[in-house]
Amino acid sequence: MRYDRYKAQPHAAAPSKWKSDTKFCYQTRGISVEGGMVSDRPIGVAGAGSIGCFVGGMFAASGRRVALLARPRVIQEIEGNGLQLTSFEGLARNIASSALTLSEDPRILGDAGLVLLTVKSADTAGMADLIAGHAPADAVIVSLQNGVGNVAVLRQRLPGRRVLAGMVPFNVIALGNGRFHRATSGDIIIEQDDAGTAQQLSVPGLKMRATDNIAGVQWGKLLLNLNNAINALADLPLRQQLKQRAWRMLFADQMAEGLAAIKAAGIKPVSSTPIPASWTPHLLRLPDAVFGVLLGRTMKIDPEARSSMWEDLQRGRRTEIDYLQGVITAIADGHGLQVPLSRRIVTLIRNAEASGTGSPKLTPEQIRP
C-alpha cells in the first residue's frame, strides 16, 4: 500500500499537498492510562488491507472503537457491505460500517491511543511520517508487518514514541465485498513491555502473546515467509502446494539457503511453529504421507489459502520480495555465500511484477536455477 494514496490537509508537523473533503474535530479529550497503555481511545489501523481489516474488525467486534485508514476501494466495500470476518475454524463476525470510522485521510488517527501499522515494508517510512504528523504523541505504535527492519525505521522516524514490534503468523484472504477470511492458524506475537500491551490487546478470537525475543521471532517468520514467493509463482493453494514433495523440496532448499545466511550473520531464529527452524528443511523433505500427518498436527490451513505475495501479483501490486528473499541475498553478499535459488526467485518475482499478468504458473523445475 502506498502511503501517498492517502489524503490529508496540510499539517504543521507534516506539510502536505493532499486535500480532503472530510472534516475532523481535533478537540483533545481526557487521557486515561492503565498499566502504561492509553485506554478508552480508538485503535487506529494505518494501512488497512487484509491483515489490518481482519485485526481491526476483531477489535471492533469486541466493542473497541476502531479507525481504519484504508484505500478508497476497501472503504467502499465496507461501506456497501459491512466488514465480514470469517475463518477456516468457523468464525463469523459481521461489523456494520457505522461501527467503524473509515477514511483515506490520516487525520483519522488524531485521537488514537494505539496505532497498528499494517502497510507493506516499502511504505513504512512514508506511513511513519503520516503517523508523526497526525497521531497523538502518546499513542502506542505496534508494527504488524512482514520483514525484520520495519521497527528500526519506525523508531528512527518517530523518536520519543513507544514503538513495539509484532508478528502475525496467519494468512488473511480478501474475498471482496468487505469479506476477509483468516485461512491459517496461529497467535499474534508482540514485543514484551512493562505495560503488558500484548495481554491488554487480546480479545475473543484474536489472541496475542508477548515475547522477550521478538527479533528471533521475526527472523523465524521471515524463513517461513520465503514460501510466499514460491506459492505466488506456483499459482496453487498453500495446502495443495505443501502436499506435493517437489514443491516442499524447493521450499526446503530455499530455507536451507536462508538458514545458512542468517547463521553467518550471527542471527538465531525462533520458530513460530512447534518445529525448530533448523529442523524444518529436513521435515519438508519427508515423503508426502508422513509430512501430511505432521502438517495436520502443527498448522491448520484453509483449502483455498494462498500467500499474500500471490494476491499482490494477481492485483498488479508491488510485492515484498526485497524484504524476504532480498534480505537473504543481501546477507549472502556480505558474507561471500552462494544463494542461487534465492537470487533466481527474486528475478522471477520481479519479472512477474513487470509483466502485470499475475502468477506465471511455474513448475518446481522451472523455478530452480
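**Salt bridges and a buried serine**

Arg 368 pairs up with Asp 253 in a salt bridge, with the closest N and O atoms 2.9 Å apart; the term covers a side-chain nitrogen of Lys or Arg within 4 Å of a carboxyl oxygen of Asp or Glu. Arg 368 sits in the segment after H14 and Asp 253 in helix H8 (residues 245-264), so this pair ties together parts that are 115 residues apart in sequence. Helices (H or I, at least four residues) and strands (E, at least two) are DSSP runs, numbered from the N terminus. Arg 368 is partly exposed, at 32% relative accessible area, and Asp 253 is partly exposed too, at 23%. Here, buried means under 20% relative accessible area, exposed means over 50%, and partly exposed is in between (1.4 Å probe, protein chains only).

The model is predicted, so local features need pLDDT of at least 70 and side-chain atom pairs count only at pLDDT 80 or more, while totals for chains, interfaces and linings use all residues. Residues are numbered from 1 along each chain as its sequence is written, and side-chain values use heavy atoms, with hydrogens and water left out.

Searching the whole structure turns up 19 salt bridges. One of them joins the side chains of Asp 312 and Lys 120 (2.7 Å, N to O). That pair links distant parts of the chain, 192 residues apart: Asp 312 belongs to helix H11 (residues 308-314), and Lys 120 to the loop between E8 and H3. Both Asp 312 and Lys 120 are buried. They also belong to a network of salt bridges that takes in Glu 311, Arg 315 and Arg 317.

Lys 361 and Asp 235 also meet through their side chains in a salt bridge (2.5 Å, N to O). Lys 361 is in the loop between helix H13 (340-355) and helix H14 (364-367), and Asp 235 in the loop between helix H6 (214-234) and helix H7 (238-242), so parts 126 residues apart in sequence are tied together. Lys 361 is exposed, with 53% relative accessible area, whereas Asp 235 is buried at 17%.

Back in the loop between strand E8 (114-117) and helix H3 (124-134) lies Ser 121. With 6% relative accessibility, Ser 121 counts as buried. Leaving out residues up to four places away in sequence, Ser 121 touches Gln 145, Asn 146, Asn 150, Glu 320 and Tyr 323, where contact means heavy atoms within 4.5 Å. With Asn 150, Ser 121 makes a side-chain to side-chain polar contact (3.3 Å). A polar contact is a pair of N or O atoms within 3.5 Å; within protein, one must be able to donate a hydrogen and the other to accept it, and residues adjacent in sequence count only if both atoms are side-chain atoms.
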